[in-house]
Amino acid sequence: MSSPYADQTPPPGCPAHRLYGPEAEADPMGLYEKLRAEHGAVAPVLVHGDLPAWLVLGHRENLDVARTPSRFSRDPRRWRDMQEGNVPADHPLTPMTAWQPVCHFVDGVEHDRLRGAITESLERFDRRGVRRYVKRFADQLIDAFVQSGRADLVAAFAEPLPMLVMTQLVGAPESYGPRLVEAARDMIRGTETALVSSEYVTVTLRELVARKREVPGRDFTTWLLEHPTALGDEEIVEHLRLVLIAAFETTANLIANTLRMVLTDSRFRANLSGGHMTLPDALEQVLWDEPPLMTVLGRWATGDTEIGGVRIEAGDMLLLGLGAGNLDPEIRPDATLPVHGNRSHLAFSSGPHECPGQDIGRAIADTGIDTLLTRLPDLELAVPEGELEWNSSLMSRHLVALPVRFTPRGSTVTGSTPVPVAVPRPRSEARPATAPSGPSSVPPAGGRPTGRTSLWTRLLGRS
Ligand code: HEM
């Protein structure tokens, strides 16, 4: 990811390492291990603009921070740098640190109130129903490339699948989907257009809530409106926004990382096809080794305290190091050993803010991958493994492309019009995103660092 802050220099003598910029993004795991060797379980780091923070590297310490909101709050208004005016309004992390009235940014009783509405509304989806949607969309996506014998599984499968499913689950009309998803993706990456995209998402969801008030459906938006907590419209909009953002990138990463593992690790694939490992076990292995969110921003110290032998001051920002904690040698002395379905990883965090959508995320990944591998059993990587590239940001790291080949098949299984996924173009041909017709006129995101054609432009074949 390129950043306007990348060329600044840390203060002389500063022991902290930048968690952003080319070096950190080239090899985040390598950086975490370097930090662990230098500092132990909690390390001083710098985020965009060289603002100081603490990266929690230990598994136990991550759990302590995540499970003790009385000491480590989720409320960014406690951030001392913010209070002291050191964080400009257009700071790239603003969408993740500007307080909003959502369960993600509050603690205690208020968190229970908001989170109750979210979890109870998510629980109204019957699991088989969600899996049916996933299977249907997965089949449609596969139909779009099955006859060609080749595909980029990131662009043609891992990215669109969670988005198609989630757009359906929130009850958004099809015309909203493309631009909404593109903006949500842009915003989570902390690009220069993140703020514009964030605004676009909010405006679009406001329109969705107004529609559902008039015409209720069997969807998450309607169930939030009906929930006895009686959330206000703005609260519902903000929670829809949160859910979409929380679901897209994470689930796409899980699918792409698992497929890469299947395609590149012969032992992994043999275990899977030989029945020694189930697909759910394989997902857990990936959630340990390459969690979809490498770090979570953030927690803020409620008072002067200590964690992992480090003195933390009131108002300091902490990042949960989910990727680093999963590889903590204290709990995984040999990280090459299989985890056999063990779920005590940090990929979904822990404590009161632990991901409430993990079952849906797992269902999308599991059913989607199962559908793909069943239909294309001879799937293989179309490029040498060493040519695979990643895009990184502060919080996540995702595969740019996963080119595969397989025996072309002549027929489709859905019998419906396939979702028109364009044949992937080389990255050098990528063009700026254009906005498909949508419900609002907010300008399209054109922010770096994606350097790729808009996901939905590709998805709709409008290139
Ligand atoms: C594999 C996919 C997913 C992963 C790895 C994942 C991971 C996470 C993580 C690490 C957090 C942060 C918790 C914290 O701050 O401590 C989170 C929060 C959240 N996730 Fe997920 N997530 C996934 C899918 C989903 C899906 C599909 C949904 C919705 C259906 C969802 C909804 C949420 C929400 C609403 C929050 C905020 C909860 C709160 O702060 O109380 N996530 N997720």
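The model described here is predicted.

The chain as a whole was examined next. It contains 18 helices and 13 strands. Of its 463 residues, 49% count as buried. Contacts between residues at least 6 apart in sequence were also considered, and 76% of them join residues at least 24 apart.

Helix packing is treated next. Two packed helices are described by the angle between their axes and the distance between the axes. Helix α7 (residues 127-145) and helix α9 (residues 160-170) have axes that come within 10 Å. These axes cross at roughly 135°. The arrangement of α7 is therefore oblique to α9, because an angle over 145 degrees would be needed to count as roughly antiparallel. The crossing of α7 past α9 is right-handed. On the α7 side, the contact is made by Tyr133, Val134, Phe137, Ala138 and Leu141. On the α9 side, Pro160, Leu161, Leu164, Val165 and Gln168 take part. This contact of α7 with α9 has nine nonpolar residues, one polar residue and no charged residues.

Helix α7 also packs against α17, with the two axes coming within 9 Å. Here the axes cross at roughly 40°. Helix α7 is therefore oblique to α17, because only angles under 35 degrees count as roughly parallel. Again, α7 passes α17 in a right-handed crossing. From α7, the contact draws on Arg127, Val130, Arg131, Val134, Lys135, Ala138, Asp139 and Ile142. From α17, it draws on Ile360, Ala363, Ile364, Thr367, Gly368, Thr371, Leu372 and Arg375. The contact of α7 with α17 has eight nonpolar, three polar and five charged residues.

Most residues other than glycine have a negative phi, and most peptide bonds are trans. Ala230 is not a glycine, yet it has a positive phi of about 55°. Ala230 sits in the loop between α12 (220-226) and α13. Ala230 is exposed, because 10 other C-beta atoms lie within 10 Å and a residue with 12 or fewer counts as exposed. His340 is not a glycine either, and its phi is positive at about 50°. His340 belongs to the loop between α16 (322-326) and α17. His340 also counts as exposed, with 10 C-beta neighbours inside 10 Å. A cis peptide bond runs from Leu297 to Gly298, with omega near 0°. Gly298 has its place in strand β6 (residues 295-301).

Two further residues illustrate contrasting surroundings. Glu354 lies in the loop between α16 and α17, the loop that also holds His340. With 12 other C-beta atoms within 10 Å, Glu354 is exposed. Glu354 and Ala66 are 288 residues apart in sequence. In space, their C-alpha atoms are 8.3 Å apart. Not counting residues up to four places away in sequence, Glu354 touches Phe348 and Ser349.

Trp54 is found in strand β3 (residues 51-56). Trp54 counts as buried, because it has 25 C-beta neighbours inside 10 Å and 20 or more are needed. Trp54 and Leu320 are 266 residues apart along the chain. Their C-alpha atoms are separated by 8.6 Å. Leaving aside neighbours within four places in sequence, Trp54 is in contact with Val42, Ala43, Pro44 and Val45, as well as Val310, Ile312, Asp316 and Leu318.

Definitions and conventions:
Residues numbered from 1 in each chain as written. Predicted model: local features only at pLDDT ≥ 70, side-chain atom pairs only at ≥ 80, totals over all residues. Axes fitted to C-alpha atoms, helices over the stretch in contact; angles between N-to-C directions. Helix = DSSP H or I, 4+ residues; strand = E, 2+ residues; numbered from the N terminus. Parallel < 35°, antiparallel > 145°, perpendicular 65-115°, else oblique. Left-handed = near helix turned anticlockwise from the far one by under 90°. Contact = placed C-beta atoms within 7 Å. Nonpolar A, V, L, I, M, F, W, Y, C, P; charged D, E, K, R; others polar.
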